[in-house]
Amino acid sequence: MSREQAPDSEADRRLRTWGRFTSALLAFIGMLGLLRTGFSGPAESVAVFVVHPLAAMVYLAAGLVGIALATTIAGRRIFGLTGGAALIVWGLLGMVLQGNPSAVFTGDRETVALHLLLGGVGLGLALLAQRDATPARSA
């Protein structure tokens, strides 16, 4: 058992898997993006995603923070809620702004889909885990 009091619920285990996967993926895309674009310059294609240097730094930082937070139940929930919401907002801004005023908000379909998918799943799993952790009130 971890440093937490209660054992992991099924929703917490799914959130842990999502957190580990998402953190590793964001850190990987961030590292590849920085290797490809450097710290300045135009957005470049990294695998199937278009990555701006600033976005690459954000991906790397978010991935490393997610890896650190994935060690506890509370940390996973925080990362799922905040990271999921941030990815959804970033994806929606990418759809609306289409790279204007900055290529950080790329309108690239694959990148927008990644943000919306990872954000939606993370937010949903964090809310499920929170619901499971809340004790039922008797009337």
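1. Contact here means heavy atoms within 4.5 Å. With that in hand, take T22, which sits in helix α1: leaving aside neighbours within four places in sequence, T22 is in contact with F79 and L118. T22 is also buried, at a relative accessible area of 0%. For the labels, buried means under 20% relative accessible area, exposed over 50%, and partly exposed in between, with a 1.4 Å probe and protein chains only.

2. A word on what you're looking at. This is a predicted model, where local features need pLDDT of at least 70 and side-chain atom pairs count only at pLDDT 80 or more, while totals for chains, interfaces and linings use all residues. Residues are numbered from 1 along each chain as its sequence is written, and side-chain values use heavy atoms, with hydrogens and water left out.

3. The overall layout: the protein chain has 4 helices and 2 strands, in the order α-β-β-α-α-α from the N terminus. Helices (H or I, at least four residues) and strands (E, at least two) are DSSP runs, numbered from the N terminus. Of the 139 residues in the protein chain, 38% are buried. Among contacts with a separation of 6 or more, 65% are between residues 24 or more positions apart. The protein chain exposes about 7800 Å², with carbon and sulfur atoms supplying 68% of that; these areas come from the Shrake-Rupley method with a 1.4 Å probe, and for residues only the protein chains shown count as cover.

4. Now helix α1, residues 10-37. Its 28 residues reach 40 Å from first C-alpha to last, close to the 40 Å expected at 1.5 Å a residue. The expected span is 1.5 Å times one less than the number of residues. Just after α1 comes G38, with a positive phi of about 75°.

5. Helix α3 gets a similar check. Its 25 residues should span 36 Å at 1.5 Å a residue, and the end C-alpha atoms are 35 Å apart, so the two agree. Buried residues in α3 include F79, G83, L87 and W90, along with I73, G75 and R76. Q98 follows α3 and has a positive phi, near 50°.

6. On to the strands. E44 is in strand β1 and is partly exposed, with a relative accessible area of 26%. Not counting residues up to four places away in sequence, E44 touches R36, T37, F49, V50 and V51. E44 and L34 are 10 residues apart in sequence and 9.8 Å apart in space, C-alpha to C-alpha.

7. A47 deserves a glance: it lies in the loop between β1 (44-46) and β2 (49-51). A47 has a positive phi of about 60° although it is not a glycine, and A47 is exposed at 68% relative accessible area.

8. Last, V121, in helix α4 (residues 109-133). V121 counts as partly exposed because its relative accessibility is 38%. V121 and I88 are 33 residues apart in sequence and 9.9 Å apart in space, C-alpha to C-alpha.
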